[in-house]
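Student: I have a structure open beside its sequence, and I would like to work through it with you by question and answer.

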Amino acid sequence: MTAQPLLAAPHTHTVFTVNRTMLAVVLALTPATVFGLYQFGWPAIFLFITTVASAYLFEILSLWVAGKPIGPFARDGSALLSGWLVAMTLPPYAPWWVGVIGSGIAIVIAKHMFGGLGQNLFNPAMVARAMLLIALPVHMTTWVPPVGLFEGPGFVHSLAITFAGSSEYDAISSASTLSHIKSQLGAGASMGAITPDLADLKARLIGLVPGSMGETSTLLLLAGGLALVFMRIITLAIPLSVLGTIAGLSFIASTLAPDTFAPPILHLTAGSTMLCAFFIATDYVTSPVSALGKVIYGIGIGALIFVIRTWGSFPEGVAFAVLLMNSCTPLIETYVRPRVFGRTRTGKPLPIAKPKRTKQAAGDKA
Amino acid sequence: MSLLPSLSTLLHPSQFFSFKGVHPDPRKYLSSESEIEVMPVPTLIRLPLQQHIGAEAEPIVARDDYVLKGQLVAKARGPVSANIHAPTSGRVIAVGHFIAPHPSGLPVPTITIRPDGEDKWGPRLPRMRPEDATPEEISAQVAEAGIVGMGGATFPSAVKLNLRAKYDLHTLIINGAECEPYLTCDDRLMRERAEEIADGIGIMGRALGVKNIIVAIESNKPQAIDVMSRYNRALDYVFQVKVVPTQYPMGSEKHLVRILTGKETPARALTADLGVVVHNVATAHAVHNAVRYGEPLISRIVTVSGRAAKRPANVKVLIGTPVSEVINHCGGFAEEPDRLLLGGPMMGQPIHNRRVPIVKGANGILALSKAETPGSDVMPCIRCGRCVQSCPVGLTPFEMNARIQADDLDGAAKIGLMDCLTCGCCAYTCPGNIPLVQTFHFAKGKLAEKQSRKHQAEETKRLAEARKAREEAIAEAKRQMMLKRKAEMEAKKKAAAEKAAAEAAAAEPMAQQTQGEANS
């Protein structure tokens, strides 16, 4: 008999392997993405395809340079997900090279420079978004209203918008909800005066407002996120603590000073709050693993989003909030550990209630 | 294709925040409706001398001896050990070594018996009336019958029954959880032999002197729950039948105690410290047979299952029956199995040689097809935290793994490696298919080796120091002796000199006198 490899228990396995997990997240993102692409038309579709495809190419290139096996890693779906998330945070009419640079930053700098899959300290999509936002403030904040695939620019015209740098779309540019609030509040207007100018709640829930490609439809993102919770890909710890903190802080602030602070419902339905809570903050690699750690991390992100939106120089703070809390993850991980069965939090065995006469070893299982 | 049945196990609202434990696809339906069938006497019986935790039994038969069914062939050695009896009548053809029913496949001391087909009983143990017997007599009978924990841990049951001498016990928990997927032997036993099990439970309760008895059954065995609720009294006891959630590892002793009593067993302590003892249902059945009928433990129910098994079944087999014969009894393989296991898929042992025997703790033979087993490709850790969320002990398996890979065994031990049950939840749920349990086994072995080497080095050092001290003490004593001798000698010399001087002084005037006399 030839020697066989030693097979260790368990001999059964969950259906969720790495690539099935990534694909499940992509599937959960699909409704919101398809809706966003439909709303913003051909330029968005071209930009989306360019970004995802270039993310994939960068992944293969990085794997080749690093000398890693390309087959299994290219199939793991993580590059697809990173590229997808980068695309979702781009303005729909941005030129193609913004998408390529974004996915290059995400895959090469934020992921493979740190050692590839599972090794990155910062969320790749958010690194890309933050760097693009700082380097290309104009391109990254030029929003267009969603008019639908058939009402917007035609196929050829859209090719020009995405690939030839046609700048006619400036004419139709409009402000996102958050940037509008920011500029109006900055100009001294009161919240009460701004609110009538904003898209109504229904439009924000469905996604009929200007914004990044995939962040506008609050309801579809929520549905996708809940699907992930039901599939047990993520737990509710991070989404609830992010959303709860934003809602709680803005509720307190807007109750105390309704003229200068946006109300909770606006915070929850504007910008990329929903996308962040369910898809970005819950990124496995860059968030803490224990339940309590996740809650602390989520509260941190929620608080930072509120602070940056309210007092920072950018109207939207999701990318910075997530990156800042990413850098806290190792610290949270070190100090917030689950309690071991039969031990106190400090690691000492629990006290035995009644003193016993003698001790004798016995089996662990009957 | 394996995705579809698993979707039904996905929805567990309690797990939206945290998991603790896993819900592997149970696949018990493969064998749960097959009645227990008795397998005929096999062509060969192999009895390893180590079928239990503790010291190996000592063979008391020799080659060519004729043994009767139920005859003692190997005697327990030491306080934690178990007797082994001949499962059928026949001739001992070897007392030597044979491949262990263990993945290592190493040879272990084994008694081989060729059955004569008569299946003739020898003298049985004396029958007892447990109603009149003392606890000591009952546990002596259980020890004599060679009964061990039949859930898989194989701890000698009599030792556990004797815990009453050292602890104040109040509750006996009967573990009918059977949380491992595929296995249905306890389920079938409860459904078909409830009355006998109930009697065994009562006998064990009496031996332990407890007040309460709880029978814990997982919610996925409604028939067993139903029938055990009807047979819920024996020997003045009325047991509570409690339904526990279907979740792995529900059958882990300390976790079962926590879910039933709310008390958490401290690390490195026993459930007996809380006054609770846990026994398996199959053990209760064996105790019933031993006490009421004087039958030693010579057979057990084994689940044969897996998609590569042609006819999944629950079979009553004699201890020592070769695995291959049990499989042949069930129609052989439907396809060449990817893995052949003894035990359940979460903690069972893969075996490479199909001639290895069924031992007292073997509750299943699983022939798993390729579709049922995990693939071999391993991806890096993506820190998804599922291992942390599923760990029933509250460890951080991904971190322990990282530390072990970096050769930081002490660091891994510091964050709880030694508390690991190796239940397999982490590796089951790991999307990267990282062999976490294997790594932990390796690290535990390595740490034990390190510890024993350290102990050895310390012992050597201690002995060397003791020897040095002893030699120094001897040298010192010698020196002291010399000094004393020297001092004595000097004192003697001095005394002699003084004496001489005194004598001289006394002689001098006399001499002067004589001189004077001579001068005058």
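Student: Which strand of chain B is joined to β10(B) by 5 bridges?

Tutor: A word on the source first: this is a predicted model, in which local features need pLDDT of at least 70 and side-chain atom pairs count only at pLDDT 80 or more, while totals for chains, interfaces and linings use all residues. Residues are numbered from 1 along each chain as its sequence is written, and chains are lettered from A and ligands numbered from 1 in the order in which they are written. Strands are DSSP runs of E with at least two residues, helices are runs of H or I with at least four, and both are numbered from the N terminus; two strands pair if DSSP finds at least two bridges between them. B:I214 stands opposite B:Q240, and the strand that runs parallel to β10(B) over 5 bridges is β13 (residues 240-244) of chain B.

Student: How many of the residues of strand β10 of chain B are buried?

Tutor: A residue is buried if 20 or more other C-beta atoms lie within 10 Å of its own, exposed if 12 or fewer, and partly exposed in between, with C-beta atoms placed from the backbone. Strand β10 (residues 212-218) also pairs in the parallel sense with strand β9 (residues 171-176) of chain B, over 6 bridges, and there B:L172 has B:I213 as its bridge partner. The strand is mostly covered, the count of buried residues being 6 of 7.

Student: Is B:C423 buried or exposed?

Tutor: B:C423 lies in the loop between α12 and α13 of chain B. Counting two residues as in contact if their C-beta atoms, placed from the backbone, lie within 7 Å, and leaving out residues up to four places away in sequence, B:C423 touches B:P249, B:S252, B:M346, B:M347 and B:P392. Because B:C423 has 25 C-beta neighbours inside 10 Å, this residue counts as buried.

Student: In which helix of chain A is A:T177 found?

Tutor: According to an unreviewed UniProt entry, A:T177 carries the annotation "modified residue: FMN phosphoryl threonine". With 25 C-beta neighbours inside 10 Å, A:T177 counts as buried, and beyond four places in sequence its contacts include A:L198, A:R204 and A:G271. The helix is α9 (residues 177-186) of chain A.

Student: Which elements give two or more residues to the side of chain A that touches chain B?

Tutor: The contact takes 53 residues from chain A and 81 residues from chain B. Those of chain A divide into 29 nonpolar, 14 polar and 10 charged, where Ala, Val, Leu, Ile, Met, Phe, Trp, Tyr, Cys and Pro count as nonpolar, Asp, Glu, Lys and Arg as charged, and the others, Gly among them, as polar. The elements are α1 (18-40) and α12 (218-230) of chain A.

How values were computed
UniProt positions renumbered as here; feature names shortened; annotations may be inferred.
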